[in-house]
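Subject: Structure handover

Hello,

Please find the structure below. My notes on it follow.

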Amino acid sequence: MEKIDTVVIGGGAVGLAIANAIAEKGKDIFLFEKNPYLGDEQSGRNSGVIHAGLYYKEYPLKKRLCVEGNRMLYAFCEKNGVSFSKTGKFIVAVNAEEDRMIDRYIDNARDSGALGVRRVSPADVREKEPNVNVYSALISPSTGIVDAADYISCLGREARAKGVEVMTSTKVTGITSGGAGFIIELEEGGGKSVSAVRREEFTAETIINSAGLYSDEIANMINPENAYKIIPVRGEYYCFDSSSRSELAMNGTNVYPVQKEYFIDGARHLAIGIHLTPVFDIAPDGRKAIGKKILVGPTSLAVRDKDDFEKGRLGPEHFYEGIKEFFPGIKPEDLKIDYAGNRAKLETGGDFIIERDKKYSGAVNLVGIESPGLTASLAIAGFVKNLIAA
Ligand SMILES: Cc1cc2nc3c(=O)[nH]c(=O)nc-3n(C[C@H](O)[C@H](O)[C@H](O)COP(=O)(O)OP(=O)(O)OC[C@H]3O[C@@H](n4cnc5c(N)ncnc54)[C@H](O)[C@@H]3O)c2cc1C
């Protein structure tokens, strides 16, 4: 049986960033991704927002890794030619009751070290985004957007260039843990692309479980005593293309409401709320630039099936209701259906879990890596590198 140093399970932003961070000459690192393409689950189905760190006061890892990851991601994009834009973001309150949340976010920003977050007047908001109507607002200058597909491709290229064996259509189907390391069973040609399935086995010294929505199942394969539970929480998007209503065009700022509550099995969670996110398009000179389309979403709805992105999709009225108070010119018929993604939410909510397995210390489990996981991916990778070196 082939013996290798490290296996990374999952070819999303986090698994790829980790593979990049730990790659070194003479070390065999294999990354297994069950789907035919990298980043086809959470990492390719999100808002692409580079968060600043306004929401995570009670969650030390999310807070620290978001703020650190924000700076690292801008630097990475700059260095590697990945499309990004430091758009800035308004969080808007539409009445006096919501206004109380604005102070809370400013306090959170002070606590996390997110730079430049401050109140702005409704007139300041209108000056930048004339179609946005608010009672009060804050600006977060270090929020931005990244082209997630570009970022994933770049991480994949970099990992391969550093000698990581990045294997797509390769699903981890079983893990036997013991003194000599981990025996990993694979199905090649598995996942969504089943044609001919070939079974393989490897022995690895270290396993990194960065399997997103399936990280609970992988953790359970590593050590059946692990009882993490991931609930897929679907985020659906619509979009608005201002080519059809140029008077409602936006000027490229992220616009968010204050958080909204939702419930999973009676437990209260806070959703970031249906927001407006600028989207990259191909400019006439062939480069990517912010275009006329804006994303409207995502929703937050617990679903049964981790792979179910489409069953029972919501209609445009739901999205209209979410934004009409701060983007009053919009009509339901302006909104067109777009993609959806499922968040890997821990049933218990709370912080990211990034820790060595309690029984088999050669394994590291990353569980509940929901938002701001894209923003934090490079910082998470550094954290894991230190964890396995310790
Ligand atoms: C709707 C939505 C909006 C979001 N918005 C933002 C945002 O604006 N900003 C932000 O920072 N974050 C955002 N996030 C969160 C962010 O997308 C995730 O935190 C991040 O992408 C997690 O990356 P990951 O690599 O851990 O997981 P994933 O991208 O889910 O990757 C895990 C990979 O593991 C693979 N895998 C699973 N099981 C196996 C197996 N048995 N064998 C082999 N491979 C396996 C999967 O196929 C998958 O590709 C959002 C998420 C969603 C869903």
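Is A289 buried, exposed or partly exposed? A289 is partly exposed, as 14 other C-beta atoms lie within 10 Å. (The cut-offs: a residue is buried if 20 or more other C-beta atoms lie within 10 Å of its own, exposed if 12 or fewer, and partly exposed in between, with C-beta atoms placed from the backbone.) A289 sits in strand β18. Leaving out residues up to four places away in sequence, A289 touches F280, D281 and A283; contact is taken as C-beta atoms, placed from the backbone, within 7 Å. P278 is eleven residues from A289 along the chain, and their C-alpha atoms are separated by 9.9 Å.

Two notes on the model itself. It is predicted: local features need pLDDT of at least 70, side-chain atom pairs count only at pLDDT 80 or more, and totals for chains, interfaces and linings use all residues. Residues are numbered from 1 along each chain as its sequence is written.

Overall fold

The protein chain has eight helices and 22 strands. (These are DSSP runs numbered from the N terminus, H or I of at least four residues for helices and E of at least two for strands.) The radius of gyration is 21 Å, close to the 21 Å that the globule rule gives for 390 residues, so the chain is as compact as a globular protein of that length. (The radius is taken over C-alpha atoms, and the rule is 2.2 Å times the number of residues to the power 0.38.) The C-alpha trace spans about 65 × 45 × 40 Å along its principal axes. Of the 390 residues, 46% are buried. Among contacts between residues at least 6 apart in sequence, 71% join residues at least 24 apart.

Helices α1 and α8

Helix α1 (residues 13-22) packs against helix α8 (residues 373-389) at an angle of about 35 degrees, with the axes 8 Å apart. (Axes are lines fitted to C-alpha atoms, for helices over the stretch in contact; angles run from 0 to 180 degrees between N-to-C directions.) On the α1 side the contact includes A13, A17 and I18, and on the α8 side it includes G373, L378 and A381. By class, the residues of this contact are eleven nonpolar, four polar and one charged. (Ala, Val, Leu, Ile, Met, Phe, Trp, Tyr, Cys and Pro count as nonpolar; Asp, Glu, Lys and Arg as charged; the others, Gly among them, as polar.)

A381, in α8, counts as buried with 26 C-beta neighbours inside 10 Å. Not counting residues up to four places away in sequence, A381 touches A17, I18, N20 and A21.

The ligand

The ligand is surrounded by 42 residues, and the closest are G10, G12, G212, G235 and G373. The shell has 14 nonpolar, 20 polar and eight charged residues.

Backbone points to check

Most residues other than glycine have a negative phi, and most peptide bonds are trans. The bond from G297 to P298 is cis, with omega near 0 degrees, and P298 lies in the loop between β18 (288-297) and β19 (301-302). S371 and P372 are also joined by a cis peptide bond, with omega about 10 degrees. P372 is in the loop between β22 (363-367) and α8. S169 is not a glycine but has a positive phi of about 50 degrees. S169 is in the loop between β9 (165-167) and β10, and is buried, with 20 other C-beta atoms within 10 Å.

Regards

Methods
Two residues are in contact if their C-beta atoms, placed from the backbone, lie within 7 Å. A residue is near a molecule or strand if its C-beta atom, placed from the backbone, lies within 6 Å of it.
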